[in-house]
Structures are given as C-alpha cells and as structure tokens.
Amino acid sequence: MNKKQKRTIIVLSSVLLFVVCMLIIALSRGSKYVIDFNTKSVTRTIEYGDTFLEPNITAVAHRRLFFSKKIKLKVTKEGNVDTGTIGKNKLKYYATYKGVTSCITITVNVTDTTPPVINLVSNPDSFTSPIGEYVEEGYSAVDNHDGDITANVVRTPGDGIITYSAEDSFGNKASVVRKIVYKDVVPPTITLTGDTTIPVEIGSEFTDPGATANDDVDGDVTKTVTIDGDYDINTPGVYTLTYSAKDKSGNVGTAQRIVLVHKKQVASVNPGDHVVYLTFDDGPYKYTQQLLDLLDKYNVKVTFFVTNQYPDYQNLIAEEAKRGHTVAVHTYSHNYAYIYSSVDAYMADLNQMSDIVLAQTGKRPSIVRFPGGSSNTVSAKYCSGIMTALANTLTANGYYYCDWNVSSGDAGGTISTEQVVANVTSGIAGHDVSIVLQHDIKDFSVNAVEQILQWGLTNGYTFLPMSESTPMEHQHINN
Ligand code: ZN
C-alpha cells in the first residue's frame, strides 16, 4: 500500500468514527428515561361492603432504546378505597426515576346492586280456617347497605297468597310469596231434636226425634248425620245413642242421647193439701227405738232411709217395717268417696243394703235417697257426671229416688231441739206437701219430733209414710 492509499483509509475511518459518534450522541439525546407501569389508568366497580383487593402495581424505568435495561422502581400509592361508603375512590400510583415522575390513577366505584333479603317466619303448625283471616306469622327484611328494613316491607294479600316486597335506598328490589295453608279443623255441631235423655217405658215404642248438624265452613250438614248405638226396648237400662256428622274436611262432630228404658212407674198420686212425710236418714241407731215408740204413741207413720253404719241396730229395720213405717235405702256405707266413684260402686253398695232390708223386712226397697241429695256437688270430686248417671240408672231399674223440700238443718248448723222444731214447722207451713229431712242418729233432732207432731196434728196436717206413688221431690242435679 502506498502512502496515498494509507491516507485515504485514515480519512475514511475518521469520517466513519465521526458519523458513529454523532449517531450515538443523537440517540442518547432522544432516549431519556421513561417510566412504565404494569397497568394503565382504569375505572373499576366494586360492590358495597366487599373486600377490595389491592392491585399489584409495578413500574420500571428504561431508556427508549430497545436494548435499554429495565430498572425496577419503587411505587408509592396515594388514596384509599372505602367499600363501606358508596361513591368514587381514586388510587394514585407514583414512580420516580432520575427526576422523572410518572403516575397512574385507578378509580374504584363502590356501588350497591344487591337487593334486600326478605325472610318469612313460618310456624309448621300454623294454618288458616277457610272462613278465617290469615294471621301473620312474621317476616323481616335485611339489606346489605340499609340494614334492617322490615318496616319498609309492603305486604300484599292475594288469592291464597301473601306477597312481601321491599326496596333498598338504591332501588334494588326483592319480593317473596307466602302460600297460605288452609285447613278446617272445626267439626260440625250437632243439635239434638228433643231432650238429651228420653225415658221410655219398657215394651213401648221409641221413635228417634233425630238431630240437625251445622258446620262453620260447610253450613248445614244434617244429611251426613249417622246414629250409632243399640237399645233394647224390652230390657231396662241406660242406652247411649251417638250421633255423628262429618264436614268436607273429614272433621266429625258427635252428640249423645240417652234412651232410658225403665220399668212401668207407679203414677204418683196427689196426696192433697196439708200432707207431711217425715223422713229419717242415716239410722237405725240408739235413738231409733225411742223414736219408734213416740210415733206409735201418736199413731204416725214415717219413712226411714236406712244405712248399715251401726250394724248393732240392724234389727230395728225389721221393727220399723213391722210398725207400719216405710223402709227406704240411703246407703250401705255412707262413704261418698266409694259410692260416687262409679255407677258400679254405687249399685254394689245399694245392693248390699237392699239385701239387708230384704232379710229384715222380707221385701226389697224401691225408694232411695242419695247421701247429700241428688243435687250434691261433692260427688264431682270423685266422678264427673255421676249423679246424672245414677239418677238414670236408678230410674231404669225401677227405683224412685227422693230428696226433700223441708230441711231440719240437723246435719249442719242446727244443734238444738228448739231450732229443729222451728225449722221444720216453718218449712211445713210453706208447702202443701212436705218431705222433711231429719236424722235419727241425732238425739236433739229425735227429741224435736214430739213437738213437731203436736204442732202438725193440731194444725190440720196429715203425716204419711212414703210409697211409690208419693210425688218424689227432685232437687236439680248439678253433676
Ligand atoms: Zn246421710
């Protein structure tokens, strides 16, 4: 290579070097540092109350040159997201490098698009009568933003349903429907035509007077009435007929009637005016003999309602009958708790006494007096309805039960002979026919009899012993 050639190479190299240098300088000028984030500025929406997840924002700095190295930068944040408040939240992210700061904004919109929740309270046993009004079982409404909005619930009754609607303060709506459960549980009511107890004389005809039935929902259901139960017109007894009526829901109402088949009763005879039946309960006892002698003295016949409380005096029952008095049954034991515990118990006690009377007098008694009278309420303590059942049973079996219309008071507050005389004579004076209650186990009461007889006989009264044709005094049965 000659000198000229060498110089040319040097010049060209210099020019090339110059051009490259100039190019580098030019590129450097246009490639200051820039900052890039991993996301752009955006707007997001989040539901009220939800948890906001912080975005992972990163930033790098680099020159514009494509081969420039990326430098990871620290990102600082400004602002917060409050998901407990409806509205816009702005989050600003900053990164700085070599005097260059860059920023992006993430806008977070907290909104409420969640409707309220309506809860219905349902009682599994609840139902509505087909003719009744639905009784609200309860409801509540809760909104994620507004809280308890039960007060805002609108309740709309429909055909067999109730609609409950609620709206929150952002217009989110909810509604639920309740189906009303209709049920008829009330049975028809049966009304018996005629009396609930019908006495029928043995061997005669009985025609059922029937019954009507009415239901609260279905109305007249008389056509569904059926009658159950048998009776034997030829056998004395207390027979129960059961009437049943059914409504469309299958509820059955019942009513009962008693057919009292009884022996032919002796018709009572009006004994006329100024008639007194003296009766003595609870004996015989140690004062009975004295009483029998006194009655003989005045030739007056009375009625004894006897017991077996004092068996030592049992032979006086025979004496009572022998002297022309009527022997009737009061009770064997005089034990209320036993005799009023059941019809069977009462009849067993009565039969025991009847056997004694038969043995003493040769005749079964047919007249009976209940301890405490037929109107007593103490029996309800031992058996509900026992007096009604006993009265029916006695009648069916040919017995006559008799209470009293004049009380001497000797079983209660009265303890003096004078007072017994006063009570009995004033009582007799108030009745055409008197049935007087005394007890021959009380000496002061037995001691009153002579004055009562003297007063009665001198005032035109007739003293009679009871018989089956005596008009029986019946107090009102209360049990
Ligand atoms: Zn008594």
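## Cis peptide at Pro-284

Pro-284 lies in the loop between strand S21 (275-281) and helix H2 (288-298); helices (H or I, at least four residues) and strands (E, at least two) are DSSP runs, numbered from the N terminus. The peptide bond from Gly-283 to Pro-284 is cis, with omega near 0°.

This is a predicted model, in which local features need pLDDT of at least 70 and side-chain atom pairs count only at pLDDT 80 or more, while totals for chains, interfaces and linings use all residues. Residues are numbered from 1 along each chain as its sequence is written, and side-chain values use heavy atoms, with hydrogens and water left out.

## Positive phi residues

Asn-299 is placed in the loop between H2 and strand S22 (303-306). Its phi is near 50°, a positive value in a residue other than glycine. Asn-299 is exposed, with a relative accessible area of 59%; the classes are buried (under 20% relative accessible area), exposed (over 50%) and partly exposed (in between), with a 1.4 Å probe and protein chains only.

Lys-98, in the loop between S6 and S7, also has a positive phi, near 45°. Its relative accessible area is 60%, so Lys-98 counts as exposed.

## Strands S5, S6 and S7

Lys-98 belongs to the turn of a hairpin formed by S6 and S7, with two residues between the strands. Strand S6 (residues 87-97) is joined to strand S7 (residues 100-111) by 11 bridges, and the two run antiparallel. Two strands pair if DSSP finds at least two bridges between them.

## Sheet S11-S12-S13

Three strands form an open sheet in the order S11-S12-S13, with antiparallel pairing. Strand S11 (154-157) and strand S13 (173-179) are at the edges, and each has a single partner strand, so one side of each is left without a neighbour in the sheet. From one strand to the next the twist averages 20°; axes are lines fitted to C-alpha atoms, for helices over the stretch in contact, and angles run from 0 to 180 degrees between N-to-C directions.

Four bridges connect S11 with strand S12 (residues 161-167) in the antiparallel sense. Arg-155 is placed opposite Tyr-164 in S12.

## Sheet S14-S16-S17

A further open sheet of three strands has the order S14-S16-S17, and its pairing is antiparallel. Strand S14 (189-192) and S17 are its edge strands, each pairing on one side only. S14 and S16 run antiparallel and are joined by four bridges. Ile-190 has Ala-213 in S16 as its bridge partner.

Val-217 sits in the loop between strand S16 (211-215) and strand S17 (219-220). Its relative accessibility is 26%, so Val-217 counts as partly exposed. Val-217 and Asp-184 are 33 residues apart in sequence, and their C-alpha atoms are 7.6 Å apart in space.

Thr-128 is in the loop between strand S8 (117-120) and strand S9 (139-143). With a relative accessible area of 5%, Thr-128 is buried. Leaving out residues up to four places away in sequence, Thr-128 touches Glu-133, Tyr-134, Ile-180, Val-181, Tyr-182 and Lys-183.

## Largest pocket

The largest pocket has a volume of about 270 Å³. On a 1 Å grid over the protein atoms alone, a pocket is an open set of points with protein on both sides within 12 Å along at least five of seven lines, and lining residues have an atom within 4 Å of a point. Grid points are joined across faces, edges and corners, and a volume is the space filled by probe spheres set on the points.

The lining of the largest pocket has 14 residues, of which Thr-326, Val-327, Lys-363, Arg-364 and Pro-365 are the closest to its centre. Strand S23 (326-329) and helix H5 (343-361) are the elements that give two or more residues to this lining. By class, the lining residues are six nonpolar, five polar and three charged; Ala, Val, Leu, Ile, Met, Phe, Trp, Tyr, Cys and Pro count as nonpolar, Asp, Glu, Lys and Arg as charged, and the others, Gly among them, as polar.

How values were computed
1 Å grid on protein atoms, 1.4 Å probe; cavity = no way out; pocket = protein on both sides within 12 Å on 5 of 7 lines; lining within 4 Å. Contact = heavy atoms within 4.5 Å.
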